[in-house]
Amino acid sequence: MSKTSKIKLKNLKKSFGKKHVLTGLDLDVKKGESFVIIGGSGTGKSVLLKCILGLIQPDNGSIKIDGVEVSDTKERPYEKFGMLFQGGALFDSLPIWENVAFGLLHGNKMYKDEARILAIEKLESVGLGEDIADHMPSEMSGGMQKRISLARAIATNPEIIFFDEPTTGLDPIMADVINDLIKKCVKEIGATAISITHDMASAKKIGDRAGMLYEGKLIWTDNVKKLDKSGNEYVDQFVHGRAKGPIKWVVK
Amino acid sequence: MTNPFFIFLAALGRPVLGTFEFIGRPSYFAWQGLKGAFSRPIYFKMLRKQMIEIGYFSLPVVGMTALFSGMVLALQSYTGFSRFSAEGAVATVVVLSMTRELGPVLAGLMVAGRVGSSMAAEIGTMRVTEQIDALTTLSVNPVRYLITPRLVAGIIMMPFLVLIADIIGVMGGYFVSIYALDFNSTNYIKSTIQFLEPIDVISGLVKAAVFGFLISLMGCYHGFNSKGGAQGVGRAVINSVVSASILILISNYLVTEMFFTK
């Protein structure tokens, strides 16, 4: 891991009407680092990722990628990005290999034959065979779709990969398989990773450093190994899944 | 804000701004979509797919609609015109009605139901399942990839569909007139051609291109901006069909006035 900042956020703010989701968030992710963001539902984890990805425009604050300020525009260096969406977000109308090769075909302008070979290589790297390449995504199980989506996220060897709740909806064994694959793939291509998750086992496995998002800010960041003994009562409550504690869930 | 003047101003401003937004949003969306047709990258594979979807797969439904409309038109004209011994005008009425009005409008409404709804459902589902966000993260502009091909395909294919609908509709009228109403075949064909002018067909084809654009635009616009899961997609489908149908009827009048008002 380098000491150079890959992604640096400062005083990031985003509101939807009267709901203040991000209220001045600061984050510095180093090159080659795997950072995990934990936090309850509706605390703005996905909004944070979407702000970095340029899918949502922040109201205020700074987003620097490789030292370049990008917060004032929707343009992002997408050639550097890979993204694993929570639901997979695979294109229903395209066969699996074309889903994996999509960034290569349209972003990198690669020829179809070459892109197909690379897509099959990526599928193999996530434990899937060539035999599924011509099937449609809807024919696959949830776990397989997640793996295909992971293969798509790493297909262009991106410098930065985002993982949006990569293990949600999977059984514990498949979740662990996905965690191992994420760790392996990120290591292989030497990427910087930001993951958001509720799954503590996943956070501990894939992250180098973790941060807890609460009321629009990262209230705690440290080495992922310290998650269990953070000394922060909010983090302790969340990590151990206790109903009682400083975090109050409003039931409407 | 208790000042009555400001309250009045706010009450006036809200609907005005709302109207601007109502017109401005789809107009800007259309501009973004059409702009993509004049610069690279152009997704020819998507364009071809949409042209087949709109043109080829709509043929049966448009053909059936045109056939029975032509048939019923001949029958109605005959029974109506016979009251003042003007049965000879049936062929002319059928061909002018089909080319100027019924061909484009009925084809437009049928395609709005078939293609507009499918576009809204497909793009809406892509929106709620984050596939559109995925396109962006894969360095592909979703408007260029999804919207531009559909708008262009709608503009190109609708005139072809309407031309075929015109022919089938006139044929429907011909068959009823010859086999049910005992018209003379040669005379009927002669009357059909005699009063038909190129502007009658051209105006219908221009209408078709306008309708094709509006159908695709409404399908794409409502799908692209849908939110809220399955319910949101359902709403997008309804809005796309209703708004496209209304716009077809409004633009039909405007194009007719443009061509035929002296």
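Hi everyone. Let me start with chain B, whose secondary structure comes to nine helices and zero strands. Helices here are DSSP runs of H or I with at least four residues, strands are runs of E with at least two, and both are numbered from the N terminus. Read from the N terminus on, the elements of chain B go α-α-α-α-α-α-α-α-α. The C-alpha trace of chain B spans about 70 × 55 × 35 Å along its principal axes.

Some housekeeping. This is a predicted model, in which local features need pLDDT of at least 70 and side-chain atom pairs count only at pLDDT 80 or more, while totals for chains, interfaces and linings use all residues. Residues are numbered from 1 along each chain as its sequence is written, chains are lettered from A and ligands numbered from 1 in the order in which they are written, and side-chain values use heavy atoms, with hydrogens and water left out.

Now the interface. How many residues does each chain bring to the contact? Chain A gives 25 residues and chain B gives 17 residues, where contact means heavy atoms within 4.5 Å. The size of an interface is often given as the accessible area lost when the parts come together. Here about 1,600 Å² is buried between chain A and chain B, and carbon and sulfur atoms give 61% of that. Buried area is the accessible area, with a 1.4 Å probe, that two parts lose on being put together, summed over both.

On to specific pairings. Between chain A and chain B there are three residue pairs in polar contact, both residues at pLDDT 80 or more. A polar contact is a pair of N or O atoms within 3.5 Å; within protein, one must be able to donate a hydrogen and the other to accept it, and residues adjacent in sequence count only if both atoms are side-chain atoms. Three elements of chain A, helix H1 (45-53), strand S6 (81-84) and helix H2 (96-107), each supply at least two residues of the side that touches chain B. H2(A) provides the largest share of that side, five residues. By class, the side of chain A that touches chain B divides into 11 nonpolar, six polar and eight charged residues. In this scheme Ala, Val, Leu, Ile, Met, Phe, Trp, Tyr, Cys and Pro are nonpolar, Asp, Glu, Lys and Arg are charged, and the others, Gly among them, are polar.

Side chains of opposite charge can pair when their charged atoms come close. Over all chains the count is 20 salt bridges, and three of them are found across the interface of chain A and chain B. The rule asks for a side-chain nitrogen of Lys or Arg within 4 Å of a carboxyl oxygen of Asp or Glu. One salt bridge links Lys50(A) with Asp133(B), and the closest N and O atoms are 3.7 Å apart. Why does this pair join two chains? Lys50(A) sits in helix H1 of chain A and Asp133(B) in helix H5 of chain B, so the pair joins two chains.

A pocket is an open set of points with protein on both sides within 12 Å along at least five of seven lines, a cavity is a set where a 1.4 Å probe fits but cannot get out, and lining residues have an atom within 4 Å of a point. Points are joined across faces, edges and corners, and a volume is the space filled by probe spheres set on the points.

The largest pocket has a volume of about 1,400 Å³. Of its 32 lining residues, those closest to the centre are Lys74(A), Arg127(B), Val143(B), Phe224(B) and Asn225(B). H9(B) gives the largest share of this lining, five residues. The lining has 12 nonpolar, 12 polar and eight charged residues.

The second largest pocket comes to about 560 Å³. Among its 19 lining residues, Leu105(A), His106(A), Tyr43(B), Phe44(B) and Lys45(B) are the closest to its centre.

Finally, the search finds two cavities of 30 Å³ or more in the whole structure. The largest holds about 80 Å³ of space, and its lining includes Phe91(A), Ser93(A), Met46(B) and Arg150(B). The second largest cavity has a volume of about 40 Å³. H4(B) gives the most to its lining, with five residues, and the lining has seven nonpolar, three polar and no charged residues.

Technical notes
On a 1 Å grid over the protein atoms alone, a cavity is a set of points where a 1.4 Å probe fits but cannot get out, and a pocket is an open set with protein on both sides within 12 Å along at least five of seven lines; lining residues have an atom within 4 Å of a point.
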